[in-house]
Amino acid sequence: MTTTENKLRIGRIDFTNVWPVFHHFPMHAMGNSIEFVKQVPTGLNRALAAGEIDMSAISSFAYGESFQDYVLLPDLSVSALGPVNSLLLFHKKPIEELRNGRIALPTTSATTNNLLKIIMEKKYGGKPAYTYARPDLDEMMPEHDGALLIGDHAIKASWLDNGYIVTDLGQEWKDWTGRWMSFAVWAVRKSTIERSPELVKKVWDGFVESKRKSLQDLTGVVSEAVRTIGGTETYWHHYFSHLCYEFGPDQWSGLELYYQYAWELGFLPEQVPIQIWSDITRVRVTE
Ligand SMILES: C=C(O[C@@H]1C=C(C(=O)O)C=C[C@H]1O)C(=O)O
């Protein structure tokens with residue numbers, strides 16, 4: 001029986017990229033057993049680590065920082081093999097020339113901020129000076145050679161003709177490594193699985209079913225995006241079709257390389273195992 005005490009608090013990233021996973025979520029079937037908390041990724045990363053929420057879509061980097069306390073839900077992520085269209089570095093000179101430059105990073109991101117640092121250091125052999133800033137290009141650019149934006153902030157900035165060079169970090173990663181990259185993952189606190197395994201399974205089923213329905217017919221998420229964010233149906237169709245919401249061996253392999261590099265550069269204190277929740281009693285750990 002569900003009690004108020006084991007009500008699940010679930011984080012929802014406040015960006016359009018996750019909509020397919022939530023759009024058809026069967027809220028009506030959950031009674032009052034769950035509650036959604038909507039924030040930008042770094043807000044959810046912090047809340048899950050603090051135990052203020054029980055499960056959440058979070059930055060994959062944040063899983064790497066707290067993997068001892070979390071397991072990952074299978075079949076759910078925000079991933080891409082190539083361009084993402086919402087992880088964009090805006091810059092004034094070619095990326096090679098940013099090696100010793102100044103780059104503004106958004107306070108909303110963890111995965112992509114570290115991805116950029118990895119790419120700048122390992123691919124381009126540079127160590128720019130980084131500053132954290134509100135995700136606003138007009139505020140970020142005057143003092144910097146480049147600025148990173150993620151999510152809807154990146155999308156809206158990409159619609160303006162601001163004269164900057166625009167580099168898609170999903171594309172950069174794929175060109176360099178040939179691998180997938182998963183930017184957001186669905187993590188659950190291990191203590192939550194111990195406390196409410198059936199409810200976690202029911203919620204996971206709901207997310208996977210929502211994803212399946214949304215991708216089968218994108219009309220619902222596309223028209224809501226046009227209505228609430230702007231842009232055209234063609235834009236959003238293209239956007240959602242180029243994101244991938246799967247989380248299987250291809251995506252794990254990309255993420256393993258990312259964690260390896262992040263560890264080598266000292267951004268993560270330990271090597272990170274990908275731990276996938278496989279059923280209500282067992283946890284599978286991939287090497
Ligand atoms: C695809 C995206 O992936 C995201 C990037 C994140 C990060 O950099 O920490 C976290 C969650 C996702 O929202 C996006 O923001 O557009």
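The crossing of helices α4 and α12 is left-handed, a term used when the near helix is turned anticlockwise from the far one by less than a right angle. This is a predicted model, in which local features need pLDDT of at least 70 and side-chain atom pairs count only at pLDDT 80 or more, while totals for chains, interfaces and linings use all residues. Residues are numbered from 1 along each chain as its sequence is written.

The axes of α4 (residues 111-123) and α12 (residues 249-264) come within 10 Å and cross at roughly 70°, axes being lines fitted to C-alpha atoms, for helices over the stretch in contact, with angles that run from 0 to 180 degrees between N-to-C directions. The two helices α4 and α12 are therefore roughly perpendicular, the word for angles of 65 to 115 degrees. Here N114, L115, I118 and K122 of α4 meet Y258, Y261 and A262 of α12, where contact requires C-beta atoms, placed from the backbone, within 7 Å.

On the scale of the chain, the domain assignment, automatic or from a database, gives domain 1 (8-80 + 181-286) and domain 2 (87-177), whose C-alpha centres lie 24 Å apart. Between them, 22 residues of domain 1 are in contact with 19 residues of domain 2. To the side of domain 1 that touches domain 2, α12 gives the most, with 4 residues.

The ligand has 17 residues around it, of which S59, S86, S109, T112 and F183 come nearest; a residue is counted when its C-beta atom, placed from the backbone, lies within 6 Å. Domain 1 and domain 2 each supply at least three residues to this shell.

Notes: Parallel < 35°, antiparallel > 145°, perpendicular 65-115°, else oblique. Contact = placed C-beta atoms within 7 Å.
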